[in-house]
Amino acid sequence: MSKLGNYVNGHWTEGNGQGAPLFDSVTGDIITHATTDGLNFEEILHYGRTKGGEKLRKMTFQERGNMIKKLALYLTKRKEQFYEISYRTGATRVDSWIDIEGGFGNLFANASLRKLFPNQPYDVEGDPIDLSRGGRFMAHHILVPKPGVAVHINAFNFPIWGMLEKCAVNWMAGMPAIVKPATATSYLTEAVVREIIASGILPEGALQLICGPAGNMLDYVESQDVVTFTGSADTGRKLKSHPRIISESVPFNMEADSLNCSILGEDAVPGTPEFDLFVNSVRSEMTVKCGQKCTAIRRIIVPEKLVEDVQIALGKALDKVTIGDPRLKEVRMGSLVSSDQVEEVKMRTREIAKTASIVYGDYDKITTVGADAKKGAFISPMVLREDNPFKNTLVHETEAFGPVATIMPYKNLDEATELARMGKGSLVSSIVTNSDKIAKDYVVGAASHHGRILVLNRENAKQSTGHGSPLPQLVHGGPGRAGGGEEMGGVRGIKHYMQRCAVQGSPTTLTEITGIYQPNSAYKEAPNHPFQYYWDDIEPGMSLKTHKRTVTDTDIINFANLTWDHFYAHTDITSLKGSIFEKRTAHGYFILAAAAGLFVWPNKGPVAANYGLEECRFLRPIYHNDTMCVRLTCKQKIERDHVGEQMPSGIVKWFVEVFDANDELTAVATILTMVQKRSPFTEINRNNINAYLNKLTVDHRPSWGIMTPQHLVEHMEQQFRYASGEIQDFEIVTPEEHLPKWRETIFNHRPMPQGHQHPLMKQGENEALRHENLDAAKAKLIEAMDAYEQFFKDNPEARTKNVVFGMMDKFEWDLLGTKHFNHHFKQFGILG
C-alpha cells in the first residue's frame, strides 16, 4: 500500500496508519493514500519559523527574487511529468496548463517584483513625513518580514497553482510556508514539492508539505504567523473562528467560492461580436476545469429580451463540448475531482432547481469518449433558468461547484447591477459590452461587491485573459461571501506577509535605517567626485557641493533661442508687471541643465548614462546675474538586472539641491544615473600576468577537470592566438539566433561554469603538449599575449572569430580573457 510523503522538519516522512484513499478521477482506481497521523504540528511550525525563516529573512529582495526565478526555470524544464499526473485529477491539457504553467508563471511574475524593492531584506514605504518645523524630527514607514510561518490550506481544484501563487508571495516577503493541499489532489502537489526539494534552490525549511488532515495544527499558530484558506465559505468561517486564531490575532486570509456573475450589455444583441464573446465566455467558464474554479461564472445575467437567444446559443455551444478521458485531444471537458464531488454538485443543482428550470443537461445522462462514465467522476454541463431572480433567491445563495450556471433576466442596467450585488460578494464579475458608458455605470455601481471586474469587448478580446483568470499583478479576493480576503496583487500581496512599522527619529538616523537619504540629513562628504565611484561603493548620503556659476542675461536669451522656449518671463521683461517675477528669469530647465554642468564629472568612469528624472520642483526664481551652486547627494541605490551586451550596472538616485548666493534653496530634483558595478574578477594584464604565472608549478593539481599546469598555460596561449587572428581555421558552433544569449555571458559578472568543454578541445582527454616544459609554455603564453596587444594596437577596429561567441572586438576579448584567466587560476588555486 503506497502513501504520500509529508515533507516536514527537513525530511520526507509518511504518516501512521493506512490513511485516506486517493482516487483517479477518470477511472475510479485508487492511486495512493494520505495520512498525517503521528506528525507533531507544534514542531513543524517551530521548524519553519526558525530553520526556514531565519535565512529567508536575512536575504534581500533581490536574492529572494532571483531564487524564485531560478526555481521557476527549474520546474518549467520538468513540466511534462506533472501533466501526466494532472490527467488523473480529471483535468484536460488546457485545464492542466492553467494549473501547472499558471503556477510557474506566478513564480516568474513575483520574482520580477524584486525590481520594485530595495536591495535589502526590508522595504521602505511611502514618502518621508516631516514632524517638526525645523526638519530635525521626522518619520517613515518600513515593512519587515514577519518572523512566523505562512500556513496555506488550499482547495482541490488547483493543486499546483494554489500552492505557488501563495508561496511565491510569502517567499518574496521573507517568510517560510507550510502547505496543506486538499487531500483529494494532494498527490499532484506532492510531486511538485518533491522536485522543489530535490532542486536545493530554496533554503531548508522554506517549504514544508502536509498531505492529509491538518489535525490540531491551528492550535499552535502564533501572532507572527499568517494563515490562508481557499475553499468553501462554511469551512473558512469555522477555521477563521478557531480560538487560537482569535486569541493570537493571527492574520487570516480567506478566499471562498462565490457566485460570480457575467452581464450581457443591452447593446450586445445577436449578430454583434460582443454577443458571441459572451456566449463563448460562459461556455468556457462552465467547462474549463469542469467548472471547478472559484472564479467560474455561476450567474448569467442578460437583458430579458435576449434570454431565449442566449439560452439557445449557449446550448449549441455546449453541444460541441466533448466529455471524456482528458488525455485525448478531442476531449474538451474532463471529470470532476471525485465521485463525492459529483453527488455534491447534483445536490446543489437540485437545490437551485427548486425554483429554477433546467434548460440544458441531465443529472444522469452523459456521453463520454475514451472513459467509462460510471467509473469516473463525470457530469453533464447544466444550464438553469431563473425567470424571477429578485423573488427566488436560491440562485444567489447556492453554488454548485461544477459545470453549472443559471440564466436570469434584467430590465435595465440598475437591475443588472442589483442582481450582481445579490450574490453578497464575489471574486469576479464581468460585463460584455461595446458601450463605454454602460461599462462605466456598471463598474461604478458593482465594484463594491466584487474583487475584480472584467469589461470585455471586441477591442480587447484577443488579448484578454478571460473572466476566470486571476493574475499575479492583480488582487485576487472579494468581499462578503467571497471571504473578505486578498491575495496576489503584485507588491500589495507581498506586504500581507510583512509588518508595517512607523519609525520616528532624526533625518540622519532614518537615512541609516531606511537606506534612503532623507532631506536635512547629515551629508557624507565624498573624498572624490561621486561619479568616480562604482555602484558598489556609493552609499546614501554621499555628497558633493559644487563650485558656483553666475547666470547672465545672455545665458537666458541663448537658452530661449536654442530651445524655442520664448515664455515672456525669459524674453519680454516689459510684461513682468503683475506677474510673480521681478526680473528676467532663467528657465527652469536651464537651471537643471546648468546644475548638471556643475555636478557632472566629465571624464569616462563608472557612470554609464543618464537614466531619467523622477521629480523636480522650482521653489523660487533665479534671475539674470544671480549666482547658483549645487549640492549632489546619493539618495538611493536600486538593483538592476543585467541585460544584453552591457556592463552590469545599478541605478543611483541623486538628490539635487540648487542654491542661490545666499544659500537659499531654489530648486530640487531627483535624477537617476546608470552606474557600472565593480567587477568581481581579478584584473589580468601584461603587468601582473608574470606574477600569477610564477605561482603555478608542475606540482599544482586542479580542483576540477583533468588538465595539468602545462595544459592550462598552453590552453590560455591558444585563446590569445584565436583573438589576434593567428588561428581562424574553424567554424562558429553557436547558431546565429543563439549568439546574443551566449554573448551576453561575456558581459555579466557570473563566473564560468566548472567542467565546461571547449568545442575545439578533445572530449574527455588532454591535448598533446606543444612545448618542452612548463617554463617554455609560460614564455610562449607571454609571447602570444604581446602579439595580441600589438595586433589590436595596429588594428583597433578589428574583429576576430571566437568558436562560441562569434566575431569579437578587443574590448570583448579582454572581458572574456579576464573571466577565462580567473576561471583557470582558481581551478589551480592561484587565485582565492
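The structure is a predicted model in which local features require pLDDT of at least 70 and side-chain atom pairs count only at pLDDT 80 or more, whereas totals for chains, interfaces and linings use all residues. Residues are numbered from 1 along each chain as its sequence is written, and side-chain values use heavy atoms, with hydrogens and water left out.

The protein comprises 23 helices and 30 strands, where helices (H or I, at least four residues) and strands (E, at least two) are DSSP runs numbered from the N terminus. Its C-alpha atoms fill a box of roughly 90 × 90 × 55 Å along the principal axes. Of the 832 residues, 54% are buried, a term denoting under 20% relative accessible area (1.4 Å probe, protein chains only). Contacts are defined by heavy atoms within 4.5 Å; among those with a separation of 6 or more, 74% involve residues 24 or more positions apart.

An unreviewed UniProt entry annotates residues 52–499 as "domain: Aldehyde dehydrogenase"; such annotations may be inferred rather than shown by experiment. Over residues 52–499 the chain is 35% helix and 17% strand, and the end C-alpha atoms lie 18 Å apart.

An open sheet of 3 strands shows antiparallel pairing in the order β5-β6-β21, pairing being assigned if DSSP finds at least two bridges between two strands. Because β5 (123–130) and β21 (498–505) stand at the edges with a single partner strand each, one side of each is left without a neighbour in the sheet. Neighbouring strands of this sheet are turned by 20° against each other on average, direction ignored, with axes taken as lines fitted to C-alpha atoms. The antiparallel pairing of β5 with β6 (residues 138–145) extends over 5 bridges, and E125 stands opposite H141 in β6.

Helix α18 (residues 588–599) has 12 residues and spans 17 Å from its first C-alpha to its last, close to the 16 Å expected at 1.5 Å a residue, the expected span being 1.5 Å times one less than the number of residues. Its buried residues include F590, I591, L598 and F599. The buried residues of α18 pack against elements including α16 (553–563), β25 (607–618) and β26 (627–638).

H824 is located in helix α23 (residues 810–827) and, at 7% relative accessibility, counts as buried. Leaving aside neighbours within four places in sequence, H824 is in contact with M707, L712, H715 and M716. The side chains of H824 and H715 are joined by a polar contact of 3.5 Å, that is, a pair of N or O atoms within 3.5 Å of which, within protein, one must be able to donate a hydrogen and the other to accept it; residues adjacent in sequence count only if both atoms are side-chain atoms.

Technical notes. Axes fitted to C-alpha atoms, helices over the stretch in contact; angles between N-to-C directions. Buried < 20%, exposed > 50% of the residue type's maximum accessible area, 1.4 Å probe, protein only.
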